[in-house]
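Subject: A structure for you to explore

Hi there,

Here is the structure I promised to pass on. Please open it next to this email, and then read on for what turned up in it.

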Amino acid sequence: MGKSLPPKAIISLGKFVWTTMWNVMMSNMAPRSKGGAYIRPESQFRDKIGSDTFPAVAQRYRLYVGLGCPWAHRTLVVRALQGLQDVIDIVVVQPSDTEGGWVFASEHQGCRNLRDLYLLAQPGYEGRCTVPVLWDTQTQKIVNNESSEIIVNLNSAFTDIGQQPDLDLYPEALRPTIDQWNEKIYHAVNNGVYRCGFAQTQTAYDQACNELFEVLDEIDTALANQRYLCGDTLTLADVRLFPTLFRFDVAYYGLFKCNRRRIQDYQHLGPYLRDLYQLPGVADTCNLEAVKQSYYGFLFPLNPGGIIPSGPDITSLSDPHGREQMGKAPQAV
């Protein structure tokens, strides 16, 4: 009867080589602290539309996005909710596991990949080349590449020319509450899943995982009595949480080891996800296959075999969520 595993010496050598190479690749892909915790670098371009340099003009600006990227996804959601489809064009880039970055399907503005575009905007640029990118087609410059700032800008800059002039996802009265949720959710959930998946020590992973599920439990409790994070009003806090929830059961639960509980298993977070998914235009921003290709195909150190899972089936996101009446006074009989 043949052996099921190679000899011990080969196993030991293989583990040593793979662990060494894994540490090298992870250190380049995911910068870490001395304790092995993932540290997300700061975005470099932080201007906004509405200034003298970048006036709010239809068809002048463009969003470069990766459909699998949650940070880019939030900009697509705001664009859809605010009805800016005819105001801001979209260019989709694809992840490349051989080039280690985002590439264009065909040459674009003389650029083969996103790094070329960054260099076009700022010759000599040496920083990270990430999506989303809010681009000014007139000056050939990057306005902003920080998603949290782009969505605030998209919410307010085109009020006079968008299709939803009365929609404000960042109302003045709710900003303290929105900002509190955003700060907590960014650290523990949006970036928390990456802190789990990119952790390079058990201690760093355990801390990130504990914080992740503590905050998910807190959100689930809050949603028991209100439709959205800030009550009965849809805000940017919900927009920022949605892309992570959409990807959670698909990628983070397994690949990133966030497997204590699925979002669909939560009593309130599951229906809340369906509620957001069914908002006008939002489902059109969700591309399950692109998400799976980006995570399972692109993140080689986490999935060296490159095998893309066949599931899950997300048709249940279109099922009734029953949250329409939450927070509303009961009808008189």
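Let's begin with a pocket. Helix α8 contributes the most to the lining of the second largest pocket, giving 4 residues. That lining has 14 residues in total, and D249, Q264, L273, S316 and L317 are the ones nearest the pocket's centre. Two elements, α8 (236–252) and α9 (269–277), each supply two or more of the lining residues. By type, the lining splits into 8 nonpolar, 3 polar and 3 charged residues. The volume of this pocket comes to about 250 Å³. Please keep in mind that the model is predicted.

Next, have a look at the sheet. In what order do the 4 strands of the open sheet stand? The order is β2-β1-β6-β7, and the pairing is mixed. At the edges are β2 (89–92) and β7, each with a single partner strand, so one side of each has no neighbour in the sheet. From one strand to the next, the twist averages 35°. As a reminder, the strands of a sheet pair through backbone hydrogen bonds, and they do so either parallel or antiparallel.

Within this sheet, β1 (residues 61–65) and β6 run antiparallel and are joined by 4 bridges. If you zoom in there, you will find L63 opposite L134 of β6. Helix α3 lies across β1, β6 and β7, and runs at about 45° to β6.

Finally, some backbone details. Most peptide bonds are trans, and most residues other than glycine have a negative phi. Here are some places that go the other way:

- V131 and P132 are joined by a cis peptide bond with omega of about 5°. P132 sits in the loop between α3 (114–121) and β6 (133–136).
- G311 and P312 are also linked by a cis peptide bond, and its omega is near 0°. P312 belongs to the segment after α10 (288–298).
- Q109 has a positive phi, near 55°. You can find Q109 in the loop between β4 (101–108) and β5 (111–113).
- Q140 has a positive phi too, near 60°, and is part of the loop between β6 and β7 (141–144).

Are these two glutamines buried, partly exposed or exposed? Q109 has a relative accessibility of 32%, so it counts as partly exposed. Q140 has a relative accessible area of 26% and is partly exposed as well.

Enjoy exploring!

Best wishes

Note on methods
Residues are numbered from 1 along each chain as its sequence is written. This is a predicted model: local features need pLDDT of at least 70, side-chain atom pairs count only at pLDDT 80 or more; totals for chains, interfaces and linings use all residues. Side-chain values use heavy atoms; hydrogens and water are left out. On a 1 Å grid over the protein atoms alone, a cavity is a set of points where a 1.4 Å probe fits but cannot get out, and a pocket is an open set with protein on both sides within 12 Å along at least five of seven lines; lining residues have an atom within 4 Å of a point. Grid points are joined across faces, edges and corners, and a volume is the space filled by probe spheres set on the points. Ala, Val, Leu, Ile, Met, Phe, Trp, Tyr, Cys and Pro count as nonpolar, Asp, Glu, Lys and Arg as charged, and the others, Gly among them, as polar. Buried means under 20% relative accessible area, exposed over 50%, partly exposed in between (1.4 Å probe, protein chains only). Two strands pair if DSSP finds at least two bridges between them. Axes are lines fitted to C-alpha atoms, for helices over the stretch in contact, and angles run from 0 to 180 degrees between N-to-C directions. Contact means heavy atoms within 4.5 Å.
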